Amino acid sequence: MNLLQTLIGLIAVFSFTLTTALAEPILIRFSHVVAEQTPKGVGANRFKQLVEEKLAGRVKVEVFPNANLYNDDEVFTALLDNDVQLAAPSLSKFSIMTKALQVYDLPFLFDDPSAVEHFQRGEIGQRLLTALDGKGIKGLGYWSNGMRVISANRPLRTPTDLRQLSLRVEPSKVIEAQYRQFGAIPIKLPFTHTRDALRREVIDGQENTWSNIYSQGFQASQTYITETHHSFLGYMVITNKTFWDQLPADVRRELETILGQVTEEVKARATAQARQDRQAIIDEGRVQLIALTDQDRERWRQAMIPVWKSFASQIDPEIIAVARAANARNR
Ligand code: LMR
């Protein structure tokens with residue numbers, strides 16, 4: 001190698017090092033709507049912490065909780081515009097984008113979060129992660145929160161007790177149909193407007209998980225919570241497909257590994273937090289909890305048969321069968 005070649009080599013190495021050193025870190029903005037102490041809130045912050053440890057200087061994460069940046073209905077557009085790069089809307093909120101995920105909202109389909117987990121790990125659950133690929137949104141994994149209960153300003157023991165009750169719901173056609181079938185009045189409101197609507201008595205109740213209820217203080221304006229556990233509230237972590245595909249391969253791999261770790265942590269936390277927040281609400285002594293016996297539950301389930309039937313043409317029966325089988329395998 002002559003002197004000129006050595007010099008060219010040195011300049012190349014120097015300019016590569018300089019460019020790398022001066023390169024701005026890749027920015028990932030993660031927008032969500034819940035409080036930081038909920039399973040999703042903790043998961044988002046933990047993702048930031050791990051990324052900034054393991055990809056220090058290469059990737060920077062900014063987390064925006066409490067809908068400080070976007071509400072769940074806006075976040076799909078924000079993601080497609082690459083204004084945010086990560087979000088984790090509830091599975092029920094995907095119905096404005098695709099019908100493929102409606103199965104998650106069928107009332108009394110899944111018995112508990114571990115049945116859902118079993119379903120999600122299976123072939124169909126994994127396939128559903130790609131439901132928005134054609135629209136430029138990539139599903140990276142599922143996070144969980146827990147089973148929904150119903151809070152209200154009157155006791156709900158049987159399905160007929162819901163008649164004329166106005167309840168805040170997420171924007172899902174299945175959930176809307178569920179409450180119409182009960183004779184209730186479903187009102188679609190953003191999550192962050194719910195506390196105020198309950199406080200001002202614009203609505204009589206709402207359905208949610210223990211951690212969402214407790215972190216928002218919904219129970220302060222309610223007198224009863226019925227432990228229906230009628231559906232699962234979980235999330236799909238999503239990203240802009242072009243952004244993700246264009247990441248340097250080693251960065252993408254590391255981010256996927258980190259997400260895998262955080263996903264497991266979120267699942268474990270969700271179960272513990274549901275128990276803890278339920279107990280905290282009991283300890284406050286403000287609301288009365290109503291448990292359903294197996295017989296009561298069966299009555300609620302029967303009342304939902306027309307809803308299942310009305311979505312029969314939209315939700316693949318094979319998917320429903322696999323989801324139901326997840327309950328049995330889980331026992
Ligand atoms: C809701 O709107 O009730 C939930 O989807 C909020 C959330 O992200 O858990």
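This is a predicted model: local features need pLDDT of at least 70, side-chain atom pairs count only at pLDDT 80 or more; totals for chains, interfaces and linings use all residues.
Is E201 buried or exposed?

View 1. Local features require pLDDT of at least 70 and side-chain atom pairs pLDDT 80 or more, whereas totals for chains, interfaces and linings use all residues. Residues are numbered from 1 along each chain as its sequence is written, and side-chain values use heavy atoms, with hydrogens and water left out. The residues around the ligand (a heavy atom within 4 Å) include V33, V34, F191, L233 and Y235, together with S90, K93, R168 and N208. The shell divides into five nonpolar, three polar and four charged residues.

View 2. For polar contacts (pairs of N or O atoms within 3.5 Å), a polar side-chain atom of K40 lies 2.7 Å from an oxygen atom of the ligand, while the corresponding distances are 2.9 Å for N212 and 3.0 Å for E170. Taken alone the ligand exposes 270 Å², of which the protein buries 100% (Shrake-Rupley method, 1.4 Å probe).

**View 3. Loop residue N66.** N66, in the loop between β2 (59–64) and α3 (72–80), has a positive phi near 55°. Most residues other than glycine have a negative phi. N66 counts as partly exposed because its relative accessibility is 33%, between the limits for buried (under 20%) and exposed (over 50%), with a 1.4 Å probe and protein chains only.

**View 4. Loop residue E201.** E201 lies in the loop between α7 (191–199) and β8 (205–208), and its phi, near 60°, is likewise positive. With a relative accessible area of 65%, E201 is exposed.

Definitions and conventions:
A polar contact is a pair of N or O atoms within 3.5 Å; within protein, one must be able to donate a hydrogen and the other to accept it, and residues adjacent in sequence count only if both atoms are side-chain atoms. Ala, Val, Leu, Ile, Met, Phe, Trp, Tyr, Cys and Pro count as nonpolar, Asp, Glu, Lys and Arg as charged, and the others, Gly among them, as polar. Helices (H or I, at least four residues) and strands (E, at least two) are DSSP runs, numbered from the N terminus.
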